[in-house]
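Have the sequence and the model open as you read.

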Amino acid sequence: MSGFADNWRELSGDNLWTGLLDPLNSDLRRYIIHYGERAGAIDDVFIDGNLIAAKKPQFVGLPRYGKANLFEEVGLVKGNPYSYDVKNYVYGSPKLPHRTSNLLAYVAVSTDSGSIALGRRDILIAWRGTKLKSELDVDKVTKLRSAPQIVGHENAAAMVHSGWFDYYTHVDARAPKNKTTSCRDQVLAAVRTLVNEYAEKEDFELSITITGRGTGAAFAIVSGMDIVCNSYNSPTTDTEKACLVTAIVFGAPRVGNEAFATLQSTQDMLQILRVTNELDPMPKLLPALEYYKKIGEEVRLNTINSPFLKNPKDHAHELEVYLHGIAAQQGVNGAFNSTGVRDILMVNKTLDGLKDDHKVVPAIWVLHKFMVQDDNGKWAMKDDPVDEV
């Protein structure tokens, strides 16, 4: 295979990734990392309260960068041909007493130059995982419930996690950005606008790709089903002209029951690829004995084999550990090689995950002054870090 543009349909699962997963195809390896980095952007832009003064709690839950410069601020512009414009930030309000609106996702679309590199016009949705204490309460509402708005009344047997469904669909008149619309309403409206606009232009073939980690992966799967089951991947002028929707997700928990998984398997225009670290407890939550079932295809990793990680079990759910595994591991139980696809120093982007002999400062992204990005997009340690006054 020669790259994204020539093979994007196969890389997006049009043939269920047949022959690409084991061993992991080199183009698919880079493709997964591409979308993993876009999932990382929604985490990087989110203000979770850990890095701001307690006297400014009003900023928690909001983005720290504007839409126009998000990808530049998180280092996804230099040396990166796959360029996108962020069109919308998406906010949700948990069905809890907190009455807040929190940034949950962004919707972007590839630029003309990015579309050439990708081989099509790509609408990108990236969902954030659990970051706030209040969201832990959402995660704990594990009772299954029907989701007729998402899958249709005729599929009443298809059930999903109640907490995530409520967060996805809740409208709250007292929540600043969810007074009249849920995050579901916002993301579907953004997709409808972009699909109609670019289907009419017909300058590129169209796709929708959704990504996220942890609960963000759960939202990605639910929204993918929503988009396809309700034909948001088709222009309103031609519902037969549906585009492929692909969810590439990391550390995904089980989202729904067997009927939900079976329904997804019948949707030819929705493909799901789960990347799973054997050490990550998140995909093992909501076990089958509670009627939750796995969904889609799977790429399996086991970062216990990495010679670069200090304590592999400590950070098994972290996105950068996932991307390290995708970049370096040769098969689920294979050796780790520094392939050059992604620099190992990125493991320490927000963690203290690398062994000390690599001499990489912990949490180098948090301590932004310790990193520099060259014109090719490669990150490196600064030679002479200087303390800020």
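The sulfur of C229 lies 14 Å from the closest cysteine sulfur, that of C243, which is too far for a bond. A disulfide here is a pair of cysteine sulfur atoms within 2.5 Å. By this rule there are zero disulfides.

This is a predicted model, in which local features need pLDDT of at least 70 and side-chain atom pairs count only at pLDDT 80 or more, while totals for chains, interfaces and linings use all residues. Residues are numbered from 1 along each chain as its sequence is written, and side-chain values use heavy atoms, with hydrogens and water left out.

**Cysteines**
- C243 is in no disulfide, as its nearest cysteine sulfur, in C229, is 14 Å away.
- C243 is buried, with a relative accessible area of 5%.
- C229 is partly exposed, at 24% relative accessible area.
- Buried means under 20% relative accessible area, exposed over 50%, and partly exposed in between (1.4 Å probe, protein chains only).

**Aromatic pairs**
- The structure holds 10 aromatic pairs.
- Rings of Phe, Tyr and Trp (its six-membered ring) pair if their centres lie within 6.5 Å; planes under 30 degrees apart count as stacked, over 60 as edge-to-face and the rest as tilted.
- F4 and Y31 form an edge-to-face pair, because their ring centres are 5.0 Å apart and their planes meet at 80°.
- F4 belongs to helix α1 (residues 4–11) and Y31 to helix α2 (residues 26–45), so this pair ties together parts 27 residues apart in sequence.
- Helices (H or I, at least four residues) and strands (E, at least two) are DSSP runs, numbered from the N terminus.
- F4 is buried at 3% relative accessible area, and Y31 is buried at 0%.
- W127 and F219 are stacked, because their ring centres are 5.3 Å apart and their planes are at 20°.
- W127 sits in strand β3 (residues 121–127) and F219 in helix α9 (residues 215–229), so the pair ties together parts 92 residues apart in sequence.
- W127 is buried at 1% relative accessibility, and F219 is buried at 4%.
- Ring pairs also join F4, Y31, Y35 and Y82 into a cluster.

**Charges over rings**
- A charge sits over a ring if NZ of Lys or CZ of Arg is within 6 Å of the ring centre and within 35 degrees of the ring normal.
- R38 places its charged end over the ring of F71, 4.5 Å from the ring centre.
- R192 has its charged end over the ring of Y232, 4.2 Å from the ring centre.
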